[in-house]
Amino acid sequence: MEKTPIRIAIVGVGNCASALLQGIEFYRENSRKNPRFESLGLMHLDIGGYKPWDVEVGAAFDIDRRKVGRPLKEAIFARPNCTKVIYPNFNDSAVVVSMGEVLDGVSEHMKDYPEDRIFLVADEKPSPVEKVLKDSGVEILLNYLPVGSDRATQFYAEACLNAGVSLINCMPSFIVSEPRWARRFQEKGIPVVGDDVKS
């Protein structure tokens, strides 16, 4: 039986998302060139029969004008991202970054920093998140919003519940460890993990 890819969506196309997606491409390419090299740096190359290159991105959300509306393969390298480039040739199947909800995702203190280190909010209407999740056929949403984005995290958790999409909460806003949220996911039979997974 042929294995189907795991389709993910990402909210917050920042440094952690960039590192993860570059890593997937890095292992995909190196597994083709040299099978003995493929597990370098990974605790577990194979999880339940899936390897890093079995993950594909179906949707992405951000609020920065340097990323919104651009192909994901460009957005992961756009400012204010500053993560190390380990694999510049990311292939994302033509995913374009959708405008997300800002809510509390932009800290007030950031306005005092230089432009290449802050978020520049796009002047666009937010995308219908639940519709994008359903239409893209994603199974899991990875939350890579900035630390402190509690309301925004809850917004995307609610979208996951309504769209029937699993959530991996990669940042320290309490969803999985908050009994009310955990119970809601459990009642719908939707997997939810995390509360600070990082990259």
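Biologist: At 25% relative accessibility, what does Glu-101 count as: buried, partly exposed or exposed?

Modeller: Buried means under 20% and exposed means over 50%, with partly exposed in between, so Glu-101, at 25% relative accessibility, counts as partly exposed. Please keep in mind that we are reading a predicted model. Glu-101 belongs to the loop between strand 3 (97-99) and helix 3.

Biologist: Leaving aside its neighbours within four places in sequence, which residues is Glu-101 in contact with?

Modeller: Once those neighbours within four places are set aside, Glu-101 is in contact with Ile-63, Pro-126, Phe-155 and Tyr-156.

Biologist: How far apart in space are Lys-134 and Arg-180, C-alpha to C-alpha?

Modeller: From C-alpha to C-alpha the distance is 24 Å, while in sequence Lys-134 and Arg-180 are 46 residues apart. Lys-134 itself sits in helix 3 (residues 129-136) and is partly exposed, with a relative accessible area of 49%. Apart from neighbours within four places in sequence, Lys-134 is in contact with Asn-162 and Ala-163.

Biologist: At what angle do helix 3 and helix 4 pack?

Modeller: The angle is about 45°, and the axes of helix 3 and helix 4 are 9 Å apart. Angles under 35 degrees count as roughly parallel and those from 65 to 115 as roughly perpendicular, and helix 3 and helix 4 are therefore oblique to each other. Their crossing is right-handed. On the helix 3 side the contact is made by Val-129, Glu-130, Leu-133 and Lys-134, and on the helix 4 side by Phe-155, Tyr-156, Ala-159, Asn-162 and Ala-163.

Biologist: How are helix 4 and helix 5 arranged, roughly parallel or oblique to each other?

Modeller: The axes of helix 4 (residues 150-163) and helix 5 (residues 179-188) come within 10 Å and cross at roughly 15°, and the two helices are therefore roughly parallel to each other. The crossing of helix 4 and helix 5 is left-handed. In this contact Gln-154, Ala-157, Glu-158, Cys-160, Leu-161 and Asn-162 of helix 4 meet Trp-181, Arg-184, Phe-185 and Lys-188 of helix 5, and the residues involved divide into five nonpolar, two polar and three charged.

Biologist: How many salt bridges does the structure hold?

Modeller: Side chains of opposite charge can pair when their charged atoms come close. The structure holds seven salt bridges, and I will take you through some of them. In one, the side chains of Asp-54 and Lys-3 meet at 3.0 Å, N to O. That pair links distant parts of the chain, 51 residues apart, with Asp-54 in the loop between helix 1 (15-33) and strand 2 (55-62) and Lys-3 in the segment before strand 1 (6-11). Asp-54, at 13% relative accessibility, counts as buried, whereas Lys-3 is partly exposed, with a relative accessible area of 39%.

Biologist: Where are the partners Glu-56 and Arg-7 placed in the chain?

Modeller: The side chains of Glu-56 and Arg-7 meet in a salt bridge (2.6 Å, N to O), and this pair also links distant parts of the chain, with Glu-56 in strand 2 and Arg-7 in strand 1, 49 residues apart. Glu-56 counts as partly exposed at 29% relative accessibility, and Arg-7 counts as partly exposed at 24%. In a further salt bridge, the side chains of Asp-64 and Arg-66 meet at 2.8 Å, N to O; here Asp-64 is buried, with a relative accessible area of 0%, and Arg-66 counts as buried at 17%.

Biologist: What is phi of Leu-103 near?

Modeller: Phi of Leu-103 is near 45°, a positive value in a residue other than glycine. Leu-103 has its place in the loop between strand 3 and helix 3, and at 35% relative accessibility it counts as partly exposed. Asp-195, not a glycine, has a positive phi of about 75°; Asp-195 lies in the segment after strand 6 (192-194) and, at 14% relative accessibility, counts as buried.

Note on methods:
Residues numbered from 1 in each chain as written. Predicted model: local features only at pLDDT ≥ 70, side-chain atom pairs only at ≥ 80, totals over all residues. Heavy atoms only, no water. Axes fitted to C-alpha atoms, helices over the stretch in contact; angles between N-to-C directions. Helix = DSSP H or I, 4+ residues; strand = E, 2+ residues; numbered from the N terminus. Parallel < 35°, antiparallel > 145°, perpendicular 65-115°, else oblique. Left-handed = near helix turned anticlockwise from the far one by under 90°. Contact = heavy atoms within 4.5 Å. Nonpolar A, V, L, I, M, F, W, Y, C, P; charged D, E, K, R; others polar. Salt bridge = Lys/Arg side-chain N within 4 Å of Asp/Glu carboxyl O. Buried < 20%, exposed > 50% of the residue type's maximum accessible area, 1.4 Å probe, protein only.
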